[in-house]
Amino acid sequence: MPAVQETVERVKRIDVDQYRYGFETLIDSEKAPKGLSEEIVKFISQKKNEPDWMLQWRLDAYRRWLTMTEPTWARVDYPKIDFQDLYYYAAPKPKKTVTSLDEIDPEILKTYEKLGIPLREVAMLEGVEPKPGEQDPARRKIAVDAVFDSVSVATTFKAELKKAGVIFMPISEAIREHPELVQKYLGSVVPTSDNFYATLNSAVFSDGSFVYVPPGVRCPMELSTYFRINERNTGQFERTLIIADKGSYVSYLEGCTAPQRDENQLHAAVVELVAHDDAEIKYSTVQNWYPGNSEGKGGIYNFVTKRGDCRGNHSKISWTQVETGSAITWKYPSCILRGDNSRGEFYSIAISNGFQQVDSGTKMIHLGKNTSSRIISKGIAAGKSQNTYRGLVTAHRKATGARNFTACDSLLIGDKCGAHTVPYIEAKNSSATFEHEATTSKISEDVLFYCIQRGLSQEEAVGLVVNGFVKDVLQQLPMEFAVEAQKLISISLEGSVG
Amino acid sequence: MALLEVKDLKVRVEEREILHGLTLTVNEGEVHAIMGPNGSGKSTLSHVIAGKPGYEVTDGQILFKGEDLLEMDPNERAAKGVFLAFQYPVEIPGVATMTFLRTALNAQRKARGESEYSTPDFLKKVREVSKSLNIPQDMLKRGVNVGFSGGEKKRNEVLQMALFEPSLCILDEMDSGLDIDALRIAADGVNALRSPGRAMVVITHYQRLLNYIVPDVVHVMSKGRVVKSGGKELALELEASGYAQFEDAA
């Protein structure tokens with residue numbers, strides 16, 4: 001079964017239709033009514049026991065949002081969103097409880113197997129819980145082990161982070177426990193007035209991560225490791241803030257290679273990164289949300305604002321993304337290279353199949369002296385999808401010696417898809433050096449036939465060629481994810497040829 | 001014993017018939033040369049045997065070890081022992097030659113129900129084979145055929161032939177784009193692979209290649225048919241008199 005179909009089946013299983021058409025009758029105290037108003041913003045803030053300054057911040061954003069209009073410049077096409085017809089607050093819904101791996105759809109288990117995710121983690125990701133009074137001891141053991149195991153591992157991680165002085169918690173907790181840090185940094189990279197979706201997020205954000213790495217500390221683990229066993233439920237308006245203080249280092253991985261289910265169609269996340277002098281942040285994303293069904297119905301709208309501020313001298317921010325899901329992606333992880341000698345990097349693999357539409361890229365804004373940036377973008381379009389790279393590289397008047405290298409490669413599979421490259425380059429001083437390379441190619445029949453003549457199946461051949469195409473970017477991912485991401489890419493393209 | 005039997009094969013490409021009833025039998029251990037002018041259907045024959053899409057077989061049969069080859073997918077044919085050395089081997093950027101070789105070899109072994117090679121066993125085998133073909137290890141780390149010279153590309157084809165151990169090797173215009181030294185190296189590699197259980201079909205325009213790979217049987221193709229077959233001396237005869245004499249015969 002092709003991966004897209006698998007996702008379709010999977011979403012069916014969690015009754016996405018039931019949500020869309022029958023949810024209105026389910027109003028209870030954990031859910032705000034439809035629509036957006038000051039009352040709803042207050043309701044959200046109150047639900048989260050937020051201090052008054054946070055509420056005022058949200059309200060300011062809400063009032064500003066009322067004056068804004070949706071951006072329409074992206075090369076994506078979708079029916080107009082009725083913002084009063086959406087829910088803006090719902091307490092995390094408890095997962096459907098299953099008590100054993102045996103109860104999980106074998107097709108889904110197959111996907112995990114293809115991804116090489118160990119069964120124990122599958123049990124966690126699928127929320128397998130022991131049934132009270134479970135009779136079958138063998139069955140019970142799997143579930144109990146998995147739950148116990150994850151709790152203890154997570155606790156060990158927490159202790160280790162605490163020892164290093166790293167603050168890592170949900171942003172809703174950080175607002176209460178570290179208000180001075182949150183107040184200082186929240187909105188300092190993506191201001192509440194930044195853009196339509198970021199402003200909306202500022203008014204109604206649900207939750208997200210907060211990370212603070214103190215001066216000189218190298219975060220003792222990839223923060224990804226933690227997420228692998230603790231699936232987050234941050235809701236549709238995620239807000240993440242990561243601060244690397246002087247001379248520190250942190251690597252953070254968002255998302256998961258496992259199929260992601262979510263019942264909310266609109267996602268508008270904001271991620272802010274701040275790197276002080278000599279600090280480095282590596283932020284990796286693997287996005288595998290529901291892309292819509294085979295007719296292009298449904299699927300997640302992913303309208304994200306991600307921006308990093310290389311605030312200090314010699315700081316570095318690196319974005320790596322593997323985007324395979326969502327019906328519509330509107331996403332430009334960017335770097336403001338404010339500090340002298342700071343460096344920004346963007347490595348991206350964006351895959352679109354079926355009816356998916358991707359408009360993604362980056363902005364490298366050179367403000368400091370001798371700043372450098374590197375953009376490696378690999379777009380793969382299959383099926384009837386449209387895949388656009390949109391990027392801005394700009395050097396300020398004072399950014400002498402700024403350097404950028406950009407390589408945008410697009411690969412087309414089949415003849416009903418499109419790949420587009422829209423680079424914007426602005427240099428306001430004469431010492432900037434910007435290089436731009438772009439290629440568009442098709443997986444040729446000859447290449448496929450060559451591989452097949454040597455014994456590979458059609459799908460193995462496509463997988464091999466595509467993985468060769470994206471190799472430069474895959475190498476940037478944290479080790480344990482690179483292998484899974486490679487498999488995910490093959491799965492996303494299953495059934496795209498022939 | 002007949003390894004490959006092509007019987008009265010008719011093939012169309014986009015409504016145009018290219019092969020008009022071609023018959024050819026190749027026995028185990030034999031080396032056959034197929035010669036003929038441009039457009040006589042030589043490459044079409046090699047593509048149809050290997051199963052390249054885009055060709056429509058309207059009549060006739062191809063048997064390989066007595067089995068109906070046309071019923072098999074191209075990768076199945078490869079696993080059964082059909083190998084096509086391409087005239088223009090393609091480049092696959094980002095895929096290391098070593099990775100490609102291992103993926104392909106293991107895919108074939110898996111299809112035959114054999115165990116996949118372990119990494120050390122595979123490396124040992126590749127080293128042996130590449131050494132005998134004068135292929136530097138460094139070349140195996142590069143992307144498949146990326147930046148390879150014409151000679152290196154052809155040597156890479158021969159390397160795969162040696163590694164996969166097919167029972168039928170079709171060499172499509174192996175001499176094109178090679179200087180005389182590169183040709184000799186590639187031909188030596190091919191000759192080393194001649195064996196009683198293996199047959200080869202060498203497709204070429206020129207007699208030159210056949211000085212290095214000496215055939216048992218020579219066929220002349222013209223306008224989609226085999227118009228004459230004979231011993232190796234037929235190639236020399238052609239070199240002297242050209243193909244024109246066969247144009248009418250077809």
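Analyst: The buried residues of H7(B) pack against helix H6 (150-164), strand S9 (168-172) and helix H8 (208-212) of chain B. This is a predicted model, in which local features need pLDDT of at least 70 and side-chain atom pairs count only at pLDDT 80 or more, while totals for chains, interfaces and linings use all residues. Residues are numbered from 1 along each chain as its sequence is written, and chains are lettered from A and ligands numbered from 1 in the order in which they are written. Helices (H or I, at least four residues) and strands (E, at least two) are DSSP runs, numbered from the N terminus.

Helix H7 of chain B holds 13 residues, 180-192, which at 1.5 Å a residue should span 18 Å; its end C-alpha atoms are 18 Å apart, which agrees. The expected span is 1.5 Å times one less than the number of residues.

Within H7(B), the buried residues (20 or more other C-beta atoms within 10 Å of their own, the C-beta atoms being placed from the backbone) are Leu183(B), Ala186(B), Ala187(B), Gly189(B) and Val190(B). They cover an arc of only 155° around the axis, so they lie on the same side of H7(B); the arc is that of the directions from the helix axis to the C-beta atoms. On the other side of H7(B), Asp181(B) and Ala192(B) are exposed, that is, with 12 or fewer such atoms.

Strand S9(B), one of the elements against which these buried residues pack, runs parallel to S6(B), with 4 bridges joining the two. In this pairing (at least two bridges found by DSSP), Leu84(B) stands opposite Ile170(B) in S9(B).

Definitions and conventions: Contact = placed C-beta atoms within 7 Å.
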